[in-house]
Amino acid sequence: MLTTQSKIAEQISLRIRQQTSDAAVDERELMLSVHQKLGIIVRNRLYESKGIESQEVDGSFYYPIEGIPVLKKSKNKYYIKMPSTSMSLPFGVDIKRVGTDEGMGFIPVPNGFSDLYAGLDSASLEGQIGYYKSGVNLMFSNMNSTNNPTTVNIEMVLPFGALDEDDEISIPTDVLAEIVELVFTDFVRTLQIPVDEVNNGIDN
Amino acid sequence: MRKLEEIIREFYIEDLHLSQTDERYPVFLQIAITGLKELNYDLKSIVTEVTLTVNDNDTVDLPNNYIDYMMIGVVSGGTISSLGLNTQIANKAKDNCGNISGVISDPTSADVGSFSSSYSDDGQDTGGDFGIGGGGNSNGTYNIFKQEGYIALQNCSADKIVLRYLSTIEQVDGNFLVEEFLVDAIKSFIWHRYIRRMRSYGGGDKQMAEIEFNRKKKMAVKRGSRFSITEFMNAYRSGYRSSPNI
C-alpha cells in the first residue's frame, strides 16, 4: 500500500487522541518510532521466513538510491558515504544491490575481506568488485583507477535517512496494520502513566 | 567450459533458493576453487599438453603450473612416441647464478649408466652398455626434478619434447573455467564444505552432504573418462585381429 511516513504518523496520532484526548504527541516522535518498529518487523519477518526455507526480505522494503558519488580515500581505496543508516540483517542482505546502471551488481563481502583473503585465488572475486560496510562508509574492494565508476546506485532496506517524510513508500497492508498497532500500544502505555503525581497524600 | 562465478550464482538459486548474493559469496567462491583443485587432481582427462624446447644441457624447464606428468615424448611421424623413465639420471649442478650447468659427477666413482666398456681402443662403439639395465628406450630417457623445476634427458636427440601433464587450475581473463561435467560436483562440494564444521547442522546432514559429493565426484570422473562405442570397437578389434586366410 502506497503511503507516506507522515500519513502513518497522522493515523497513529488520531488513534492516540481518541484514546486519551489530552495527549500531546509530536508526530516526529511517532515517525521515529515507526522507523524503529518497522525495522523490528522486517527483521522478525526475515527470521520467520527461515521457517519456510525462504530467508528473503519482502521486495517492497527495498528502495533504490541513485547517483551516489564514489570517493577516493587513498590509492585503490574507493568508497561511498552511506546515504542512510541500514538495518543489521544476517549476511548483509539489508543491501540488495550496489552497482552502476549497467551490468551486474557488485559482490557483498564481509568486513575484513581484504586482509583475510589477501593473496588467495578468491580475492579477485572472479574479476568483480566487492563492497563492505565500514562505519558510515561503504568500502569497495578490487576497485581501481581503471574500473571505478563516478557514481553508484544502491538498493537497501528502508533507508529512512534518504527518504523525506512525504516521500511515497510502499508498505504491505498487513505490515501497516501491525506497525500502527505496535506504535499505538507503545505510546498509549506511556501516556497512561500519570506524570504529575506527587506522593504527598493529596489527590491530584 | 563454464565460469566459476556462474556456478556460484547457480548454487545460490538452486541450493539456497535465494534471489540475491550475500556476504557468503567469497566463502563459497573460495570453497569452489578448493573443490575445483581437488577434482582436478582426480580427473586424468583434464590434462595440459605443451611442446617444450630442449636446452643445450639436455634439460627441459618445467612449466610453472606443473603438478604431475602423464606422458613425456617426442613427435615422430605425426605421432607422439614416449621417452623412457630413467631414475638413475643424476641431478645437474647449478652455477653461482642458480642456472643448471652440468651433471654432478665424480669421475673416480662408479656412476651407474656411465660404465664405459662400450668403446674399442680405436674409439668405436662396441654396443655393450652394461649396467644400464633393461627397459631402455630408443627415443631417449628422462628423469624429472620437480623441486629444481626441470626434466633431465639422456640419449634424446630431439630438440623439442611433448609434455602431457596435470596442471594447476589457472584463471582465464580473471575467471576460473570449469568443465561442464564438474559443475554438479562443485556445487555438492560447496555445500559439503560449508556445513562441515557448523553446529547448526546435524551429523546426518553432514554425512549426506559428503556422500552426495563423493557420488557426484565419481560421476564426474566416469563422465570424464568414458569412451565411445567407436573407441571401444577400435580397441577390441586391435586386440583380436584375425590371421589372414591363405
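**Close-up views of a predicted two-chain model**

**Figure 1. Overall fold of chain A.** Chain A contains four helices and 10 strands; helices (H or I, at least four residues) and strands (E, at least two) are DSSP runs, numbered from the N terminus. Read from the N terminus, the order of elements in chain A is β-α-α-β-β-β-β-β-α-β-β-β-β-α. With a radius of gyration of 22 Å, well over the 17 Å given by the globule rule for 204 residues, chain A is more spread out than a compact globule. The radius is taken over C-alpha atoms, and the globule rule is 2.2 Å times the number of residues to the power 0.38. The C-alpha trace of chain A spans about 75 × 40 × 30 Å along its principal axes. This is a predicted model, in which local features need pLDDT of at least 70 and side-chain atom pairs count only at pLDDT 80 or more, while totals for chains, interfaces and linings use all residues. Residues are numbered from 1 along each chain as its sequence is written, and chains are lettered from A and ligands numbered from 1 in the order in which they are written.

**Figure 2. Burial and contacts in the two chains.** Of the 204 residues in chain A, 28% are buried. A residue is classed as buried if 20 or more other C-beta atoms lie within 10 Å of its own, exposed if 12 or fewer do, and partly exposed in between, with C-beta atoms placed from the backbone. Among contacts in chain A between residues at least 6 apart in sequence, 66% link residues at least 24 apart. Two residues are in contact if their C-beta atoms, placed from the backbone, lie within 7 Å. Chain B has five helices and 13 strands, and 22% of its 246 residues are buried. For contacts in chain B between residues at least 6 apart in sequence, 69% join residues at least 24 apart.

**Figure 3. The contact between chain A and chain B.** In this contact, 21 residues come from chain A and 18 residues from chain B. Helix 1 (4-14) and helix 2 (25-42) of chain B each supply at least two residues of the side of chain B that touches chain A. The largest share of that side, five residues, is contributed by helix 2 of chain B. By class, the side of chain B that touches chain A has six nonpolar, seven polar and five charged residues. Here Ala, Val, Leu, Ile, Met, Phe, Trp, Tyr, Cys and Pro count as nonpolar, Asp, Glu, Lys and Arg as charged, and the others, Gly among them, as polar.

**Figure 4. Packing of helix 1 against helix 2 in chain A.** Helix 1 (residues 5-19) of chain A packs against helix 2 (residues 27-49) of chain A at an angle of about 110°, and their axes are 9 Å apart. Helix 1 of chain A is therefore roughly perpendicular to helix 2 of chain A, a term used for angles of 65 to 115 degrees. Axes are lines fitted to C-alpha atoms, for helices over the stretch in contact, and angles run from 0 to 180 degrees between N-to-C directions. Residues making the contact include A:Ile8, A:Ala9 and A:Ile12 of helix 1 of chain A and A:Leu30, A:Met31 and A:Val34 of helix 2 of chain A. The contact of these two helices has six nonpolar, three polar and two charged residues.

**Figure 5. The two domains of chain A.** Domain 1 (2-56 + 172-191) and domain 2 (63-158) are given by the domain assignment of chain A, the bounds coming from an automatic or database domain assignment. The C-alpha centres of domain 1 and domain 2 of chain A are 31 Å apart. Five residues of domain 1 of chain A are in contact with four residues of domain 2 of chain A.

Figure 6. A:Asn142 is located in the loop between strand 8 (137-141) and strand 9 of chain A. A:Asn142 is buried, with 22 other C-beta atoms within 10 Å. Leaving aside residues up to four places away in sequence, A:Asn142 touches A:Ser124, A:Leu125, A:Gln128, A:Ile129 and A:Gly130. A:Leu158 lies in the loop between strand 9 (151-157) and strand 10 (169-170) of chain A. A:Leu158 is buried, with 23 other C-beta atoms within 10 Å, and its phi is near 40°, a positive value in a residue other than glycine.

Definitions and conventions
Angles under 35 degrees count as roughly parallel, over 145 as roughly antiparallel, 65 to 115 as roughly perpendicular and the rest as oblique.
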